[in-house]
Amino acid sequence: MSEEPLSIVLLRCASRNFNTSAIKMVLQGFSLGRGDKLTLLVILGHVNSPCFIAPSRLRGLFETDHKILEEEVAKKKEKFHNNARIREIFERCEADKIQFRIEVLQGNVPEVAVNAAIRLEATSVILDR
């Protein structure tokens, strides 16, 4: 009988300073190995928008806000993917046949976290405070 692969979701809010210690603790603490999955889920809870509601801008308001959100998510993704420590973790996971990925999402933190955990079929969800 073979064991089911683990699917760990490490949840963190984008507003906090980032370090890789939580990822390393998960890799060691769960003894992740071949076929297991680790997802770093970064959630942008609120993105400041320069838009304000004025009658002349109502039509383009939501399009502009959507573009701002997309840009902010893209910036965060790039920041994480360009982080040297994250690249080291990617390489380690690749060598150990662990699927490691980073997702950056925006929205209500509890709702986004629950929906992502369900979609990712998480066996464990860890909150990095």
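Thr-20 is in contact with Arg-85, Ile-86 and Ile-89, leaving aside its neighbours within four places in sequence. In this predicted model, Thr-20 sits in the loop between E1 and H1.

The overall layout is as follows. The chain has four helices and four strands. Read from the N terminus, these elements follow the order β-α-β-α-α-β-α-β. The chain is 129 residues long, and 34% of these residues count as buried. Among contacts in the chain with a separation of 6 or more, 73% link residues 24 or more positions apart.

Strands E1 and E2 run parallel and are joined by seven bridges. In one of these pairings, Leu-10 has Leu-40 of E2 as its bridge partner. Strand E2 is mostly covered, with seven of its eight residues buried.

Thr-39 belongs to strand E2. Its relative accessible area is 3%, which is under 20%, and Thr-39 is therefore buried. Setting aside neighbours within four places in sequence, Thr-39 is in contact with Ile-8, Val-9 and Leu-10, and also with Arg-101, Glu-103 and Leu-120.

Ile-43 is also part of strand E2, which spans residues 37–44. Ile-43 has 0% relative accessibility and so counts as buried. Residues up to four places away in sequence are again not counted. On that basis, Ile-43 touches Leu-11, Arg-12, Cys-13 and Ala-14, together with Leu-105, Gly-107, Val-109, Val-112 and Ala-113. Arg-12 lies 31 residues from Ile-43 along the chain, yet their C-alpha atoms are separated by 6.4 Å.

Leu-11 is another of the residues touched by Ile-43. Leu-11 is found in strand E1. Leu-11 counts as buried because its relative accessibility is 9%, below the 20% cut-off. The C-alpha atoms of Leu-11 and Ile-43 are 7.6 Å apart in space, with the two residues 32 apart in sequence. Besides Ile-43, Leu-11 touches Leu-41, Ala-113, Ile-126, Leu-127 and Asp-128, not counting residues up to four places away in sequence.

The largest nonpolar core holds 21 residues. Ile-23, Leu-27, Leu-38, Leu-40 and Phe-100 touch the most other members of this core. Six elements are listed as giving two or more residues to this core: strand E1 (7–13), helix H1 (21–29), E2, helix H2 (58–81), helix H3 (84–95) and strand E3 (99–106). A second, separate core has eight residues, including Leu-11, Ala-113, Ala-116 and Leu-120.

Within the largest core, Ile-23 is one of the residues that touch the most other members. Apart from neighbours within four places in sequence, Ile-23 is in contact with Leu-10, Phe-18, Leu-38, Leu-40, Ile-86, Ile-89 and Phe-100. Ile-86 and Ile-89 are also contacts of Thr-20.

Helix H3 contains Cys-93. At 1% relative accessibility, Cys-93 counts as buried. Cys-93 touches Leu-27, Ile-98 and Phe-100, not counting residues up to four places away in sequence. Leu-27 and Phe-100 are among the residues that touch the most other members of the largest core. Cys-93 and Leu-32 are 61 residues apart along the chain, and their C-alpha atoms are separated by 9.0 Å.

The structure holds one cavity of 30 Å³ or more. The volume of the largest cavity is about 40 Å³. Its lining is made up of Arg-12, Cys-13, Ala-14, Arg-16, Phe-18, Lys-76, Lys-79 and Phe-80. Of these lining residues, four are nonpolar, four are charged and none is polar. E1 and H2 each supply at least two residues of the lining. H2 provides the largest share, three residues. Arg-12, Cys-13 and Ala-14 are among the residues touched by Ile-43, and Phe-18 is one of the contacts of Ile-23.

Note on methods:
Residues are numbered from 1 along each chain as its sequence is written. This is a predicted model: local features need pLDDT of at least 70, side-chain atom pairs count only at pLDDT 80 or more; totals for chains, interfaces and linings use all residues. Side-chain values use heavy atoms; hydrogens and water are left out. Buried means under 20% relative accessible area, exposed over 50%, partly exposed in between (1.4 Å probe, protein chains only). Contact means heavy atoms within 4.5 Å. A nonpolar core is a set of buried Ala, Val, Leu, Ile, Met, Phe, Trp, Tyr and Cys residues joined through side-chain atoms within 4.5 Å. On a 1 Å grid over the protein atoms alone, a cavity is a set of points where a 1.4 Å probe fits but cannot get out, and a pocket is an open set with protein on both sides within 12 Å along at least five of seven lines; lining residues have an atom within 4 Å of a point. Grid points are joined across faces, edges and corners, and a volume is the space filled by probe spheres set on the points. Ala, Val, Leu, Ile, Met, Phe, Trp, Tyr, Cys and Pro count as nonpolar, Asp, Glu, Lys and Arg as charged, and the others, Gly among them, as polar. Two strands pair if DSSP finds at least two bridges between them.
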